[in-house]
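Reader: I am new to protein models and would like to learn how to read one. Could you walk me through it, feature by feature?

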Amino acid sequence: MRIAYVSIDPGIPVFGTKGASVHVQEVVRELLARGHEVTVWTTRRGDRPPADLAGLPVVELPMTAPEEAGPASGAEDAERRERAQRRASDEVVRRLLADGVDLVYERYSLFSTVLARLHEAAATPGVLEVNAPLVDEQRAHRLLVDEAGALAALRAQTGAVAATVCVSEPVRRWVLARTGAARVSTVPNGVDVRRIVPAPPGPGVPVVVFVGTLKPWHGVEDLLRAASLAREPWRLRIIGDGPRRAGLEELAGRLVLRVDFRGPVAPEDVPAHLAGAAIGAAPYPRTDDEDDQYFSPLKVYEYLAAGLPVVASRTGQLPEVLEGLGVLVPPSDPAALAAAIDALAADPARRAALGRAGRARAVARHSWADVVGRIMRLAGVAEAGHG
């Protein structure tokens, strides 16, 4: 099939290092592996294409019109951004109607109506993948000028597609509450179990690893404070970058911790940086509303595929994902986090047993092949050799 993968969100580079970029690459990679012809339509290409996707056709759409060049206020800039997303959506529709396409797989973004308009004009089947409650995120963390327009676009999209798939139950509930759509399913994220494989832990003191963007809602501050409370010897390795990095390095200094901050890492290099680790950490902090924990964390699936036992906060989807595979602690509790990591650091046999179980679960339930296969079946797509 000729598949157009569409991502109009300018905050997500197709070839970047953030989790959303990894997600885009993995879905596209799996669609290609299933024999489909894929072209990506995006407003931000990124500059770190992995070797196996270097030849992927990517159409990058401009986000700035000539008449909008120059400085602008916050509200004016937000309006420009929203208009640019609509223009990009218009251009994708125009070109796909001209060229023809068998299926559109779109990562939900504010203001895009690609799926709805292609369905109306050409009965083109589509899949809408919803990764987050973007309207709420934009309102809370940035600036949303035309909220009514954003919600209208979401309703149009969900009303036109063969399947709307959400990464978690909270996201699914959010979509249902705002659209009343009939075909909305939950399909959690996955992991490339061929690329990420177990490696033996390094010699000496156990290494506790964290992978992710360094933002407040990932709880890395609690992980550093837990390290300062440790009663067993273990070391921290932080893989990733973000706005909190300088503050985290300063906190590590105040706590007199030696932390291995490795900075941004290309997705294809993550396995090498996981190698030698003994425990994976996902210390998400407490939130006021349980539905705020709407994530389906790629890092946790990566830990499982790497054969690492996981210590994580008891929040969101993590209790279900990690049942029998790790240790859950109350969120925002560095003392409990330290005690859980201490116990695993002192017990290599238990670490090994949990790691083997996690790897087996990742292979059986959480591979990208399984995830994309479920999505295609929900969309009613018949694939030769993938029944």
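Author: We will go through strands, cores and a helix in turn. This is a predicted model, where local features need pLDDT of at least 70 and side-chain atom pairs count only at pLDDT 80 or more, while totals for chains, interfaces and linings use all residues. Residues are numbered from 1 along each chain as its sequence is written, and side-chain values use heavy atoms, with hydrogens and water left out.

Reader: Thanks! Which strands pair with strand 4, and in what sense?

Author: First, the general idea: strands (E, at least two residues) and helices (H or I, at least four) are DSSP runs, numbered from the N terminus. Two strands pair if DSSP finds at least two bridges between them. Here, strand 1 (residues 2-7) pairs with strand 4 in the parallel sense over five bridges, and Tyr 5 has Tyr 105 as its bridge partner. Strand 4 is also joined to strand 5 (residues 126-130) by four bridges, again running parallel; there, Glu 106 is partnered by Leu 128.

Reader: Is strand 4 (residues 103-107) mostly covered or mostly open?

Author: Look at accessible area: buried means under 20% relative accessible area, exposed over 50%, and partly exposed in between (1.4 Å probe, protein chains only). Strand 4 is mostly covered, with five of its five residues buried. Leu 103, Tyr 105 and Arg 107 point one way, Val 104 and Glu 106 the other.

Reader: What is the strand order in the open sheet of six strands?

Author: The order is 10-9-8-11-12-13, with parallel pairing. At the edges are strand 10 (259-263) and strand 13 (326-329), each pairing on one side only. Inside the sheet, strand 11 (residues 279-282) and strand 12 (residues 310-313) share three bridges, and Ala 281 stands opposite Val 311.

Reader: Which residues have the most contacts inside the largest nonpolar core?

Author: A nonpolar core is a set of buried Ala, Val, Leu, Ile, Met, Phe, Trp, Tyr and Cys residues joined through side-chain atoms within 4.5 Å. The largest one has 58 residues, and Leu 274, Val 311 and Leu 322 have the most contacts inside it. Its largest share, six residues, comes from helix 12 (residues 334-345). A second, separate core has 36 residues, including Ala 4, Val 92, Tyr 108 and Leu 151.

Reader: What does Leu 274 touch?

Author: Contact means heavy atoms within 4.5 Å. Leaving aside residues up to four places away in sequence, the residues Leu 274 touches include Ile 196, Val 209, Arg 237 and Tyr 303.

Reader: Now a helix, please. How far does helix 13 (residues 348-365) reach?

Author: The expected span of a helix is 1.5 Å times one less than its number of residues. Helix 13 has 18 residues and reaches 26 Å from its first C-alpha to its last, close to the expected 26 Å. Its buried residues are Arg 351, Leu 354, Gly 355, Gly 358, Arg 359, Arg 361 and Ala 362.

Reader: Why do these buried residues line one face of helix 13?

Author: Take the arc of the directions from the helix axis to the C-beta atoms. Down the axis of helix 13, the buried residues fall within an arc of 165 degrees, so they line one face. Their cover includes strand 11, helix 10 (298-305), helix 11 (318-321), strand 13 and helix 12.

Reader: Which exposed residues does the face turned away carry?

Author: That face of helix 13 carries Ala 349, Arg 356 and Ala 364. Ala 349 is exposed, because its relative accessible area is 55%.
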